[in-house]
Amino acid sequence: MKAKQEFKVVPRFPERLLPLKRMAFNVMFSWNSDMRDIFQRIDPKLWSESNHNPVRLIGRVSQKRLDELSGDMGFVSELEEVVHNFDLYMNAPPLADENAKIAYFSAEFGLTTCLPIYSGGLGILAGDHLKSASDLNIPLVAVGLLYQTGYFQQYLNNDGWQMENYVPNEYDNMPVTRVMDANGQQVKVYVKFKDRRCAIAVWLIRVGRIPLYVLDTDLDENPPDIRSTTAALYGGDKENRIRQEIVLGVGGFRALKAMGINPTVIHMNEGHSAFSALERINVLRKDHNLSFDAAKELVQASTVFTTHTPVPAGNDTFAPDLARAYFEEYAKELGISWPVLLGYGRVNPRDDGEPFGVTPLSLRLSAHANGVSKLHGLVSRHMWQDIWPKTPTEDTPIDYVTNGIHVSTWASREISRLYSRYMGQDWKEDPDPFLIWKYINQIPLSELWRAHCHCRERLIAFARRALLKQLKRQGAPLGMQQAAMEIFSPDTLTIGFARRFATYKRATLIYSDPERLARILNNPQRPIQIIVAGKAHPADNEGKAFIKQIIHFSREERFRNKILFLENYNIHLASLLSAGCDVWLNNPRRPLEACGTSGMKALANGVLNLSVLDGWWDEGYGPDYGWAIGNGEVDPNQQLQDVTESQALYNLLEHQVAPTFYSRTADGLPINWCEMMRNSIRDLIPRFSSHRMVKEYYDRFYLISTKRWNILSSRDFQAATVQAEWCHKLRTSWNDVQVRELSGGAQNEEKIVGQQILISSVVKLGELTPEDVTVEVYYGTMDHQGEFADRETLVMSPVKQTEPGVYVFEASMKCEKTGRFGFTVRVMPSRERLGNPFVLGLVTWA
């Protein structure tokens, strides 16, 4: 039986306490400890029961308690100071932006535990991106999906097998509000699923200064199968996935338009949001009467795409028939045929057997594409090089911007206070992280160690309570429940392993030799304990089997009180683990870890990393900062590599990690360990913070894209039409481009260091002119096979025309160092006319 009418009863807030309601609906509380403290003071027990959700807290607190707080001058005074600082933050002038307005699209955002619209690293990265954009006051808006159940909550049955529970989100008790139009109605937009209309409601999550608009299809006007489109993150079959991505991309851009937001740049975080680029083309065509090609030039020049997936199977693809059912009519709106649109989503547009992929679509519609670490950039260039078949792998237009973490979110209270004491209160918003983190050397090692020990004590206390809760739910014997409150020691070296239980992450590697592991963990002079957490995808039985295997190990007598698995890994648990462990273990199969930001979260607390040289650790590792498992080898015999690396891991634990941890001064201080903690904080945090990451995106991509947008949208968008016509001329004339002659001295001639080489090339351009192209010397050292081991480029200048359409280009190249070198010449579209000269796929080599 359903009620005919619903209503909600809420407490009456005294006027002095009204700012609490305003702050409750801004997830800045997730990284501002003063805001969290003020909410916790309202009712500590209720704060914990509400899952650290201030909206639920203020909706459930008693009227009596609010009246008491209103008369508590200490509380009111503290609240006034918190509100003052909050308002100063919110009202700070924006960054000088050159008219930039970035729209950041992502299928998930990990912001805080009480907003379960994330599953793992991709969402956490997106959430940290918004938090740093807020701290740096970057002009950015974000678009995502508001899931009815979000990702699942994990629990284990008595045999250790993962079970999933989907808990419906109560939007009225979450820090999310409806976006209302001028008539007081919630903003809605519409998309088509085949020939059926889908209504989408728009909600707002405030992330500091950044608005995050999230989209919801759970509306009465939608039929049940459409209504459930946003039911669960990554839920359902392929058809539901394409629907979710249409809602995110097409619906997301329509929502921005409905609210009067016109971005100069869109940033697609993974291929899930690829359709936002198509809808942007659609809107530009309709609003400014542009051709598809002209609108595409605008969109391509001002779109950034970040890929996070290091294996082809991890990229979303759709069968051509399914994609056609949803996009054939839409292609007509775009002004192109369905086969043309299908080709944009294929690596090889002429391969009729290839599915429609959102990653090729994103790459073709973006001037700037990047992986999320240096190694991942290399992997991505190899993976997608066939989209640009005439371009060498090293020149495939996929760069890298290494991920980072939002330090003030992930640094514990104790560690944050140290940072504020020795770096000043403004360290959280400082735009120059490399300068501010030098002051870490002022922190005494004894204070750093004391702060870390408090974090470990808190983790062990939480682990005991969590284990007791698990055992009670499973109906464990009373004696086992009582023993749970004594498990683990707050003084023992603690290793943390927490992440998605994807099989390539090799969660069971450390258990490869149980006998040796037991001896290491139970060493009476240097004991070690391991805390594990993480979720397997609901359909990943191999990942679930890994969890079960670890549970069974933990129940063996030799591992009892040495290995613990904590259920339901989420942001709150991640914060406790990344602060309270001493060592963060990561042993993926190289090079399948795109970045691996969990180790960066540990880094924010001075926790030392012990990892395979993959993802970010391939860039960050140094013997002063932690330990490397192996030397970056990739063995085609995976079984042999697992044996080799597990033994290397045991050796490191036995001979380096544990001895360093337990080597103490007379007053109990592990000097060498603490030095490594301080070194890693000082040198690595500025390199792997999301402040650095967002600033890099802003300086390298957002500003350039905004400049290109401003150029191509000038003269009432006629510049885009001119650009499209120029690109058409290039495509139709390029077959005539030839490098006829190349000279620069005799073959294998010896040169002296410092000597200049005059390189000359005769180039036939046909209908094109020197202004249409960039001619470059492509040079570098050679390997034993005569291939370029590395390369640089040098732009050549036109010096004369020898006949119609034929020109001589020259450049002077200096011999900077000794070795075996070579050069060639290539012709590409003009770098000045294109933000990225590779996007057209046109290149001619000597």
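Which residues in H9 meet which residues in H10? This is a predicted model, so keep that in mind as you click through.

**Stop one: H9 against H10.** Select residues 238-258 for H9 and 275-288 for H10. On the H9 side, show Ile242, Glu245, Ile246, Gly249, Val250, Phe253, Arg254 and Lys257. Their partners in H10 are Phe275, Ser276, Glu279, Arg280, Asn282, Val283 and Asp287. Color that contact by class and you'll get 6 nonpolar, 3 polar and 6 charged residues. Now look at the geometry: the axes sit 8 Å apart, and the packing angle is about 40 degrees. Angles under 35 degrees would count as roughly parallel, so this pair is oblique instead. The crossing is right-handed.

**Stop two: the largest cavity.** There are 4 cavities of 30 Å³ or more. Start with the largest, at about 90 Å³.

**Stop three: the second largest cavity.** Its volume is about 50 Å³. Pick Glu297, Gln300, Ala301, Ala367, Arg708, Leu834, Gly835, Asn836 and Val839 to outline it. Which helix gives the largest share of this lining? Highlight H11, residues 292-301: it supplies 3 of the lining residues. By class, you're looking at 4 nonpolar, 3 polar and 2 charged.

Key. Residues numbered from 1 in each chain as written. Predicted model: local features only at pLDDT ≥ 70, side-chain atom pairs only at ≥ 80, totals over all residues. Heavy atoms only, no water. Axes fitted to C-alpha atoms, helices over the stretch in contact; angles between N-to-C directions. Helix = DSSP H or I, 4+ residues; strand = E, 2+ residues; numbered from the N terminus. Parallel < 35°, antiparallel > 145°, perpendicular 65-115°, else oblique. Left-handed = near helix turned anticlockwise from the far one by under 90°. Contact = heavy atoms within 4.5 Å. Nonpolar A, V, L, I, M, F, W, Y, C, P; charged D, E, K, R; others polar. 1 Å grid on protein atoms, 1.4 Å probe; cavity = no way out; pocket = protein on both sides within 12 Å on 5 of 7 lines; lining within 4 Å. Points joined across faces, edges and corners; volume = space filled by probe spheres on them.
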